[in-house]
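Good morning, colleagues. I would like to take a few minutes to go through selected residues of the structure on the screen, beginning with a side-chain contact and ending with the backbone.

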Amino acid sequence: MDHVGNQVDSEEALNAMNQRLAEADLPAAEQKSAQCCYAASNKYWTVDPQSIAWEAFHSLSAIPVFGQDTAIPAKTESCCAA
């Protein structure tokens, strides 16, 4: 599995999702007007404590090319390190 995605229906819902990421103290990367997978989207990326990448996105429009995403943010420290 490459990553898990959560699509939301509005920019307000996307901002609320980003707020939850901030409250969870997870690394986050913002991607505005990203062009990937035949869609233009606003996105937030994070990586959970198990190193699984999560994408929250709101699609804005279809585009004629596949496009390319940004790099997923790396986790900087482990929750369980001794």
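**Selected residues: contacts, burial and backbone**

I begin with a pair of side chains: those of His58 and Glu11 are joined by a polar contact of 3.2 Å. Please bear in mind that this is a predicted model.

Where does His58 lie? His58 belongs to strand S4. Is His58 buried or exposed? Its relative accessible area is 15%, and because the cut-off for burial is under 20%, His58 is buried. Leaving aside residues up to four places away in sequence, His58 touches Val8, Asp9, Ser10, Glu11, Leu14, Ala40, Ser41 and Asn42.

I turn now to Cys36, which is found in strand S2. With a relative accessibility of 8%, Cys36 also falls under the 20% limit and therefore counts as buried. Cys36 and Ile63 are separated by 27 residues in sequence, while their C-alpha atoms are 8.5 Å apart in space.

Finally, the backbone. Which values do we find at two serines here? Ser33 has a positive phi, near 50°, and this residue is placed in strand S2, which spans residues 28-36. Ser51 likewise is not a glycine and has a positive phi of about 70°. Ser51 sits in the loop between strand S3 (39-47) and strand S4 (53-62).

That concludes my presentation. Thank you for your attention.

Notes. Residues numbered from 1 in each chain as written. Predicted model: local features only at pLDDT ≥ 70, side-chain atom pairs only at ≥ 80, totals over all residues. Heavy atoms only, no water. Helix = DSSP H or I, 4+ residues; strand = E, 2+ residues; numbered from the N terminus. Buried < 20%, exposed > 50% of the residue type's maximum accessible area, 1.4 Å probe, protein only. Polar contact = N/O pair within 3.5 Å; in protein donor to acceptor, adjacent residues only side chain to side chain. Contact = heavy atoms within 4.5 Å.
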